[in-house]
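Welcome! Please take a look at the sequence and the 3D view, and then read on for a short tour.

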Amino acid sequence: MESAMKKTLTILGLESSCDDTAAAVVRNSRGGQSDILSSVIYGQLDLHQYFGGVVPEIAARAHAEKLDTCVEEALERARVKLADIDAIAVTAGPGLIGGVLSGVMCAKGLAAGSGKPLIGVNHLAGHALTPRLTDGIAYPYLMLLVSGGHCQFLLVQGADDFIRLGGTIDDAPGEAFDKTARLLGLPQPGGPSVETAAKTGDSTRFKLPRPLLDRPGCDLSFSGLKTALRRSCDQIIEAKGGLATTDRADLCAGFQTAVAKVLAEKTKRALTLYLNAGPSAPVFAVAGGVAANQAIRARLKTVCHDLGVTFTAPPLALCTDNAAMIAYAGIERFRLGLFDDMSLSARPRWPLDQTSPALMGSGKKGAKS
Ligand code: KG4
Ligand code: ZN
């Protein structure tokens with residue numbers, strides 16, 4: 001317990017649950033100030049590009065090959081030695097099992113070799129705790145995690161205390177943006193290209209659905225929107241023989257507006273639930289690649305403003321997969337005395353909120369679930 005009260009903690013974090021191999025060193029003073037001393041990320045985009053998605057076996061092999069270098073580089077850049085580290089934190093799930101295993105095995109080796117404690121971290125907790133790393137946000141806050149693999153509302157009450165208020169029952173919004181871009185022949189990643197095309201489009205030309213808005217609760221769905229978009233696209237091609245630039249722009253604008261509207265409405269509902277608990281300084285945090293979308297961001301900001309809630313979004317580099325968030329989650333677990341031993345196992349599925357029913361849809365795919 002004495003060590004948990006240490007004034008300053010320096011933790012090495014490892015992340016390898018999907019297609020980024022990452023290591024980082026984060027230092028935290030007992031006062032709450034956190035500094036990212038280093039954050040190294042080796043992406044695998046080029047390895048998977050040809051296959052149109054992440055290939056688990058290729059990912060696992062690349063993680064196993066890169067982890068050691070990544071750790072060495074993170075320590076070097078942070079100008080610390082393994083002996084200066086207080087603990088080793090590692091993503092123990094959820095994710096692609098081969099990659100998670102590589103990370104866990106590497107962390108166990110480091111812990112055994114150095115005699116430092118080992119801390120298994122839930123990847124989603126890493127994302128969810130990022131606003132505390134970047135802005136020192138106090139508990140409880142509401143978080144919307146919205147990316148290519150995640151879409152859920154989390155009431156963050158503590159480092160090991162999350163309530164999932166709702167999530168997607170099928171695709172994640174980023175996935176829907178990527179599929180939309182593919183359908184319209186726009187470059188990947190789809191989010192930025194759809195956003196750019198939407199700027200000159202008429203969002204009212206196509207009647208696209210607003211999935212699940214007619215049902216109570218905070219769950220979301222995006223696959224029906226994607227199907228409706230395909231139908232509109234097919235109709236134009238049938239009538240005109242192809243898509244003109246204006247058609248693409250109108251389809252993108254219609255799609256983006258539908259996603260923004262659904263996210264804003266469900267955010268309003270999630271915020272209402274959160275506010276019912278009477279937080280003294282309510283904060284809403286959004287994280288994930290889709291949070292980069294200006295139209296979506298503007299709508300979410302307006303919802304927060306109308307309800308008197310502070311809006312915050314960590315910088316994009318810390319919203320996407322990284323190891324600094326894992327090191328930071330490790331710091332919080334260290335302070336709570338939550339350590340693991342050599343029996344730590346890699347978990348392909350690991351819901352943050354064990355009390356909520358399991359999510360369907362994108363959760364099934366494992367990666368970034
Ligand atoms: O958080 P992230 O880098 O990785 C994970 O999926 O975990 O998110 C990537 C996703 C992609 O699907 C990408 O198309 C989407 O975020 N994205 C955007 C924008 N920028 C990235 N979606 C909408 N608008 C954007 N400007
Ligand atoms: Zn992630």
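## Ligand 1 and its surroundings

A backbone N or O atom of Gly174 sits 3.0 Å from an oxygen atom of ligand 1. Gly191 also uses a backbone N or O atom, which lies 2.9 Å from an oxygen atom of ligand 1. From the side chain of Glu195, an N or O atom is 2.8 Å from a nitrogen atom of ligand 1. These are polar contacts, meaning pairs of N or O atoms within 3.5 Å; within protein, one atom must be able to donate a hydrogen and the other to accept it, and residues adjacent in sequence count only if both atoms are side-chain atoms. On its own, ligand 1 exposes 550 Å², and the protein buries 87% of that (accessible areas come from the Shrake-Rupley method with a 1.4 Å probe, and for residues only the protein chains shown count as cover).

Who else is around ligand 1? There are 19 residues around it, and Gly148, Asp178, Gly191, Glu195 and Thr320 come nearest (a residue is near a molecule or strand if one of its heavy atoms lies within 4 Å of it). The shell is made up of 5 nonpolar, 10 polar and 4 charged residues. Here Ala, Val, Leu, Ile, Met, Phe, Trp, Tyr, Cys and Pro count as nonpolar, Asp, Glu, Lys and Arg as charged, and the others, Gly among them, as polar. Helix H5 (173–184) and helix H6 (190–198) each contribute at least two residues to this shell; helices (H or I, at least four residues) and strands (E, at least two) are DSSP runs, numbered from the N terminus.

## How to read the model

This is a predicted model, where local features need pLDDT of at least 70 and side-chain atom pairs count only at pLDDT 80 or more, while totals for chains, interfaces and linings use all residues. Residues are numbered from 1 along each chain as its sequence is written, chains are lettered from A and ligands numbered from 1 in the order in which they are written, and side-chain values use heavy atoms, with hydrogens and water left out.

## The zinc site

Which protein atoms are the donors of the zinc ion (ligand 2)? They are His123 (NE2), His127 (NE2), His150 (NE2) and Asp321 (OD), at 2.1 to 2.6 Å from the ion. Donors are N, O and S atoms within 2.8 Å of the metal (3.2 Å for Na, K and Ca); water is not among the atoms, so sites may look incomplete. Along the sequence, the donor residues follow the spacing H-x3-H-x22-H-x170-D. His123 belongs to helix H4 (residues 123–135) and His150 to the loop between strand S6 (141–146) and strand S7 (151–158), so the pair ties together parts that are 27 residues apart in sequence.

## Inside helix H5

Thr180 is part of helix H5. Its relative accessibility is 1%, so Thr180 counts as buried. The side chain of Thr180 reaches the backbone oxygen of Ala176 at 2.8 Å.

Most residues other than glycine have a negative phi, and most peptide bonds are trans. Tyr139 and Pro140, however, are joined by a cis peptide bond with omega of about -10 degrees, and Pro140 lies in the loop between H4 and S6. The peptide bond from Gln188 to Pro189 is cis too, with omega near -5 degrees; Pro189 is in the loop between H5 and H6.

Arg79 is not a glycine, yet it has a positive phi of about 55 degrees. You can find Arg79 in the loop between H2 and S4, and it is exposed, with a relative accessible area of 77%. Leu212, also not a glycine, has a positive phi of about 65 degrees. Leu212 lies in the loop between H6 and helix H7 (223–240) and is buried, with a relative accessible area of 12%.

Note on methods. Buried < 20%, exposed > 50% of the residue type's maximum accessible area, 1.4 Å probe, protein only.
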